[in-house]
Amino acid sequence: MRRLAVLAMVLFWCSPVALAQVSTAELQVVQLYTQDELLQLIRQNQHLKRVKADDCQLVKDIEARADIMKLPSYQFLFGDMLAYGVCVPLNVERGWDLMLSAANQGLPEALEQIGRYYQQGKFVQKDLTKAQHYLFEAGSMGNLNAQVRLAELLLAGVGSPVDYETVYRWLHHSVTADKNMHQRIQKALAGLGGKMPGAVLARARQPL
C-alpha cells in the first residue's frame with residue numbers, strides 16, 4: 001500500500017495539470033517591476049527592501065535590464081544593490097559606475113542620490129561643489145529631495161546667492177504629504193527668504 005501511495009504521488013507531480021500549476025506559480029513569483037512601480041519604490045527609498053522581500057529572485061532580470069538594456073531605473077537599482085551588497089556580492093566600484101550612468105542619462109532619482117553621496121562623502125570623497133551640481137540638476141527636474149538638500153547647502157554657505165530665487169521658487173510651489181519634509185521646506189523657505197531682497201522674494205512667490 002505504501003508503494004502504491006508513493007507511486008500515486010509521483011504520477012500526480014508529473015502530470016500535466018500539476019506541472020501547469022507549478023509553472024503558473026513560478027510565473028506569479030517572477031513578476032518584474034514596472035517602470036512606474038520601480039521609480040515609486042526608489043522615491044520612497046524602498047527599492048532595496050523590495051528586492052530582499054522578493055527573496056532575491058529577480059536579480060538576473062534586474063542585471064539584464066541594467067547591463068544589456070541599459071535602462072536608467074534598473075541601472076540605478078542594480079548599482080545600489082551592488083553598492084550595499086543586497087542579493088549580490090558587494091562591489092562598490094561597479095555599483096557606483098551604474099548609478100553614475102543612470103544619472104548621466106538624466107534619471108532625477110540617480111542625480112539626487114549621486115549628489116547626496118558627494119554631500120555626505122559616502123563611497124566617494126566629499127565634494128560639495130559636485131554635490132551642488134547634481135542636486136541642482138535633479139531639482140530642476142522636480143526632485144523634491146534634491147531641492148531641499150540644495151536649499152540646505154545654500155543656507156550653509158555652499159553655492160551662489162544667484163540660486164536663491166530659483167530654489168525658493170521650487171520649494172514655495174512644492175506639494176508634499178510628508179510632515180517631516182514639510183517642516184524642512186518651511187525652514188528652508190524661512191532661511192532663504194531672510195537672505196533675499198523683497199522684490200526678488202515677491203517675484204519668486206508669483207504663480208508658475
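User: Relative accessible area is computed here with a 1.4 Å probe on protein chains only, and buried means under 20%, exposed over 50% and partly exposed in between. Which of these classes holds R94?

Analyst: This is a predicted model, in which local features need pLDDT of at least 70 and side-chain atom pairs count only at pLDDT 80 or more, while totals for chains, interfaces and linings use all residues. Residues are numbered from 1 along each chain as its sequence is written, and side-chain values rest on heavy atoms, with hydrogens and water left out. The relative accessible area of R94 is 29%, so the residue counts as partly exposed.

User: Which residue forms a salt bridge with R94?

Analyst: A salt bridge requires a side-chain nitrogen of Lys or Arg within 4 Å of a carboxyl oxygen of Asp or Glu. For R94 the closest N and O atoms are 3.9 Å apart, and the oxygen belongs to E63. This pair links distant parts of the chain, 31 residues apart, with R94 in helix 7 and the partner in helix 5 being E63.

User: Is E109, which forms a salt bridge with R43, buried or exposed?

Analyst: The closest N and O atoms of E109 and R43 are 2.9 Å apart. The two residues lie 66 residues apart in the chain, E109 in helix 8 (residues 108–120) and R43 in helix 3 (residues 35–43), where helices are DSSP runs of H or I with at least four residues, numbered from the N terminus. R43 is partly exposed at 44%, whereas the relative accessible area of E109 is 7%, so E109 is buried.

User: What is the handedness of the disulfide of C56 and C87?

Analyst: A disulfide is a pair of cysteine sulfur atoms within 2.5 Å, and the S to S distance between C56 and C87 is 2.0 Å. C56 sits in the loop between helix 4 (47–53) and helix 5 (59–67), and C87 in the loop between helix 6 (72–84) and helix 7 (92–104). Because the torsion about their S-S bond is about -60 degrees, the disulfide is left-handed.

User: What is the relative accessibility of C87?

Analyst: C56, the partner of C87 in the disulfide, has a relative accessible area of 33% and is partly exposed. C87 likewise counts as partly exposed, its relative accessibility being 26%.

User: How many salt bridges does a search of the whole structure find?

Analyst: Among them is the pair of D54 and R50, whose side chains meet at 3.2 Å, N to O. D54 is partly exposed at 21%, and R50 is partly exposed at 28%. Across the whole structure, the number of salt bridges found is ten.
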